[in-house]
Amino acid sequence: MPIERRPLREQIKDEILERLGRGEFAPDQPINEMALAAELGVSRTPLREALIGLEREGIIVSERGKGFRFAPMSPGEFHDLTTIVAALESLALELTDPDHLRSVAPRLLEEARAFSVPEAEYEVIERYDDAWHDLMLSGCPNERLMDLITSLKLTMHRYERVVVGDREVLERSAQEHERIAERLVAGDVPGAVEALKANWMSGKDRITKRLEA
């Protein structure tokens with residue numbers, strides 16, 4: 001694991017979340033602290049600090065005498081996470097300088113259209129979603145807000161795996177991105193905010209249906 005100039009426990013936490021999002025850990029899977037520490041190349045102290053932080057966020061749970069395990073996925077948790085991220089991304093968009101939004105809007109529209117065509121490979125579309133949102137919000141001046149959004153979205157990735165490979169879902173998401181970008185090209189930030197909220201709520205409904213199936 002590469003070392004950055006951040007507290008080690010935070011780096012470990014993000015690494016665990018990324019692996020969870022990639023499906024390397026299963027819901028309800030027990031955590032072998034010794035094995036995980038060795039795999040990450042860290043001592044058990046910062047690992048345990050990271051695990052305690054993840055427990056506070058509801059990503060993992062602990063039981064006396066049994067240690068930590070990953071929390072089961074729940075439609076209720078996903079609903080809450082989506083509602084929060086939709087509100088925070090909308091705020092970040094509203095805080096962004098309109099001149100910056102006008103400068104990135106044509107690229108956002110071009111990329112959204114490229115990924116909604118039938119020839120687009122779904123594996124590529126899956127990777128594109130976060131990058132597209134990052135570009136849209138790249139001018140937000142509130143760094144703490146952006147850090148919070150990034151952290152919450154890492155938590156959400158394990159839920160998004162339930163629609164991996166579903167072309168209809170992925171194409172619909174790209175089309176919703178087109179509507180957001182079209183509003184930004186037109187200089188209609190309030191309209192873009194509403195389209196962004198609709199994108200998140202639509203995604204919430206699609207994934208929740210899979211979780212409840």
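Trainee: How many residues does helix α4 have, and what is its reach from first C-alpha to last?

Mentor: Helices here are DSSP runs of H or I with at least four residues, strands are E runs of at least two, and both are numbered from the N terminus. The expected span of a helix is 1.5 Å times one less than its number of residues. Helix α4 (residues 75-95) has 21 residues and reaches 30 Å, close to the 30 Å expected. This is a predicted model, in which local features need pLDDT of at least 70 and side-chain atom pairs count only at pLDDT 80 or more, while totals for chains, interfaces and linings use all residues. Residues are numbered from 1 along each chain as its sequence is written, and side-chain values use heavy atoms, with hydrogens and water left out.

Trainee: Which residues does L93 contact beyond its neighbours within four places in sequence?

Mentor: Contact means heavy atoms within 4.5 Å. L93 is in contact with L101, M136, L137, V189, A192, V193 and L196. V189 lies 96 residues from L93 in sequence, yet their C-alpha atoms are 7.9 Å apart.

Trainee: Where do strands β1 and β2 lie, and in which sense do they pair?

Mentor: Two strands pair if DSSP finds at least two bridges between them. Strand β1 covers residues 60-63 and β2 residues 67-70, paired in the antiparallel sense over four bridges. The bridge partner of V61 is R69 in β2. Three residues separate the strands of this hairpin, and G65 in the turn has a positive phi of about 85°.
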